[in-house]
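Biologist: Could you take me through one part of this model in detail? I would like to look at it slowly, with the structure open beside us.

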Amino acid sequence: GQNIDQPTEMTATEGAIVQINCTYQTSGFNGLFWYQQHAGEAPTFLSYNVLDGLEEKGRFSSFLSRSKGYSYLLLKELQMKDSASYLCAVTLTDKLIFGTGTRLQVFP
Amino acid sequence: DGGITQSPKYLFRKEGQNVTLSCEQNLNHDAMYWYRQDPGQGLRLIYYSQIVNDFQKGDIAEGYSVSREKKESFPLTVTSAQKNPTAFYLCASSISGPSTDTQYFGPGTRLTVL
């Protein structure tokens with residue numbers, strides 16, 4: 001079967017750094033997406049990793065290790081508006097499989 | 001502005017009634033998708049379509065039906081056969097297939113069956 005694991009909830013303080021982990025066990029793998037979803041809204045694209053290593057995009061970075069079936073999303077200089085759910089999703093040949101999402105709460 | 005629209009944002013229906021959710025995109029994307037999101041669960045794929053007049057069942061297609069008569073439109077019908085239809089429904093599109101292309105999501109429709 002396909003399995004993607006993320007922590008259910010995390011909390012952090014404004015201005016801090018937080019790392020959201022995602023591990024996966026899937027039959028096949030093309031790449032890994034991270035999406036951000038505010039409550040009641042559509043998921044929005046953050047990053048896509050295909051090769052091993054770190055991809056940096058402003059305050060957000062995403063890391064992938066294909067051999068370990070592991071990825072993380074790193075958020076720096078946290079802002080209140082970063083309070084949202086973060087969805088890890090793995091692309092297979094014919095579909096995108098989502099994890100249950102990590103709800104991040106940022107406190108002042 | 002290009003994007004994906006879903007209507008309505010909130011929908012209430014009585015048990016036993018069929019209901020159709022609208023999804024339109026003007027991104028010129030070939031592929032479109034329907035997902036269902038429930039609390040504590042990841043997005044689950046209901047149906048997807050890679051070209052006009054063709055679509056495939058996803059993981060939870062029972063009780064749902066779709067059509068793809070135009071490239072821009074991919075409506076989803078929730079039938080009375082769907083046992084637990086109350087959920088947040090998300091439509092998405094991508095340039096071509098799901099294997100590598102980024103999927104872009106519409107704002108969603110929250111369906112409540114009374």
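Which residues lie nearest the centre of the largest pocket, and how many residues line it?

Modeller: Happy to, and please keep in mind that this is a predicted model. The largest pocket has 26 lining residues, and those nearest its centre are A:Gln37, A:Ser85, B:Gln37, B:Pro39 and B:Gly40. Two or more lining residues come from each of strand 9 (84-91) and strand 11 (102-107) in chain A, and likewise from strand 9 (87-94) and strand 11 (109-113) in chain B. The space inside comes to about 630 Å³. By class, the lining holds 13 polar, eight nonpolar and five charged residues.

The second largest pocket is worth a visit too, with its volume of about 150 Å³. Its lining includes A:Leu96, A:Ile97 and A:Phe98 from one chain and B:Leu43, B:Arg44 and B:Asp59 from the other. Strand 10 of chain A makes the largest contribution to that lining, three residues.

One salt bridge is counted between chain A and chain B, along with three residue pairs in polar contact. On the chain A side, strand 4 gives the most, with three residues. Altogether, 20 residues of chain A touch 22 of chain B, and about 1500 Å² is buried between them, 56% of it from carbon and sulfur atoms.

Definitions and conventions. Residues numbered from 1 in each chain as written. Chains lettered and ligands numbered in written order. Predicted model: local features only at pLDDT ≥ 70, side-chain atom pairs only at ≥ 80, totals over all residues. Heavy atoms only, no water. 1 Å grid on protein atoms, 1.4 Å probe; cavity = no way out; pocket = protein on both sides within 12 Å on 5 of 7 lines; lining within 4 Å. Points joined across faces, edges and corners; volume = space filled by probe spheres on them. Helix = DSSP H or I, 4+ residues; strand = E, 2+ residues; numbered from the N terminus. Nonpolar A, V, L, I, M, F, W, Y, C, P; charged D, E, K, R; others polar. Contact = heavy atoms within 4.5 Å. Buried area = accessible area lost by both parts, 1.4 Å probe. Salt bridge = Lys/Arg side-chain N within 4 Å of Asp/Glu carboxyl O. Polar contact = N/O pair within 3.5 Å; in protein donor to acceptor, adjacent residues only side chain to side chain.
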